[in-house]
Amino acid sequence: MSQTITLNNDLEIPLLGYGTFRVPEGADLAQAVKTAIQEGYRLIDTAAVYQNEASVGKGIREAIEEGIVTREELFITSKVWNDGLSYEETLQAYDDALARMELDYLDLYLLHWPGTNNDFVAQWKALEKIYTDKRVKSIGVSNFHPHHLEKLLAETDIVPAVNQIELNPLQTQKKVQAYCTEKNIRVEAWSPLMNAEVLEHATLKTIASKYKKTPAQVILRWQTQTNIITIPKSMTPSRIQENINIFDFELDTEDILMIENLNEDGHYGPDPETFDFER
């Protein structure tokens, strides 16, 4: 079982989860989700825009039905594609997500992007309504920079529990991390392995050799050891198993600094300052 960390509403969230970004709907994904749960993953992450919530839900339900896990042991996250949705549309989006996944509730529901011309404050108020009605265990945001969070905190009541951001050895987003730490918002990393692009980096290979681990395991251990929640994605059973096998070693402080010194402060995915969406 992976370790957990406490959110600002006292809810425990696993530090390591299973991501499903860019995995299409279908039986393969449902099986992969079930395999991940069998291997010990308890955090499962999806989103409306991934168009795979139904398969993710199917894998979860099969794992529960087969007695691998109980619903209460799982931590399920999805995200609303907040492309100009109104307050009422955001409320409906949550109901739609539950319907697609065939679940009674989610453990975490996120606003997916701030957008450059988007009323994320109204959408956040809808999430606050869902939360205060006790229909979701926690709420948060994704891809929010400090100025987005400042606006949100100034105009709403509930501090996000999580800010899920692009975070990897080449993009550590220290300013966002520092702001979130100040406001007691947990940071969660999406695309922690950069689609495997970073795994051939010489520094990571050297550190991996020292611990007799893979570069992927070193990256995920660096993140969880520094209290960053992380959600690597793989459809390969051996990789799914490899990615969770990271809690039997600890990185030295020097190695953590070596990893963080790889930072280039670039965006390999969309930049939240310029990314917008079409309805």
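This is a predicted model: local features need pLDDT of at least 70, side-chain atom pairs count only at pLDDT 80 or more; totals for chains, interfaces and linings use all residues.
First, the two helices. Helix α1 covers residues 27–39, and helix α2 covers residues 53–65. Two packed helices are described by the angle between their axes and the distance between the axes. Here the angle is about 45°, and the axes lie 7 Å apart. Angles under 35 degrees would count as roughly parallel, and 65 to 115 as roughly perpendicular. So α1 and α2 are oblique to each other. Their crossing is right-handed.

Which residues meet there? On the α1 side, they are L29, A30, V33, K34 and I37. On the α2 side, they are S55, V56, K58, G59, I60, E62 and A63. Sort that contact by class, and you get seven nonpolar, two polar and three charged residues.

Now the pockets. How much space lies in the largest pocket? About 800 Å³. Its lining has 38 residues. Nearest the centre of that pocket are F21, R22, S191, M194 and N195. Find those on your screen. Three elements each supply at least two residues of this lining: β8 (162–166), α8 (215–225) and α9 (237–244). Which gives the most? That is α9, with three residues. By class, the lining of the largest pocket divides into 18 nonpolar, twelve polar and eight charged residues.

On to the second largest pocket. The volume here is about 240 Å³. The residues lining this pocket are H145, P146, Q171, Q173, K174, K175, V176, D265, G266, H267 and D271. Helix α6, residues 174–182, gives the most to this lining, with three residues.

Last, the cavity. How many cavities of 30 Å³ or more does the count give? One. The largest cavity has a volume of about 30 Å³. Around that cavity sit N143, H145, E166, Q173, W190, H267, P270 and P272. By class, the cavity lining has three nonpolar, four polar and one charged residues.

Look back at the names. H145, Q173 and H267 line the second largest pocket. H145, Q173 and H267 also line the largest cavity.

To recap: α1 and α2 are oblique, with a right-handed crossing. Thanks, everyone.

Note on methods: Residues are numbered from 1 along each chain as its sequence is written. Side-chain values use heavy atoms; hydrogens and water are left out. Axes are lines fitted to C-alpha atoms, for helices over the stretch in contact, and angles run from 0 to 180 degrees between N-to-C directions. Helices (H or I, at least four residues) and strands (E, at least two) are DSSP runs, numbered from the N terminus. Angles under 35 degrees count as roughly parallel, over 145 as roughly antiparallel, 65 to 115 as roughly perpendicular and the rest as oblique. A crossing is left-handed if the near helix is turned anticlockwise from the far one by less than a right angle, and right-handed if clockwise. Contact means heavy atoms within 4.5 Å. Ala, Val, Leu, Ile, Met, Phe, Trp, Tyr, Cys and Pro count as nonpolar, Asp, Glu, Lys and Arg as charged, and the others, Gly among them, as polar. On a 1 Å grid over the protein atoms alone, a cavity is a set of points where a 1.4 Å probe fits but cannot get out, and a pocket is an open set with protein on both sides within 12 Å along at least five of seven lines; lining residues have an atom within 4 Å of a point. Grid points are joined across faces, edges and corners, and a volume is the space filled by probe spheres set on the points.
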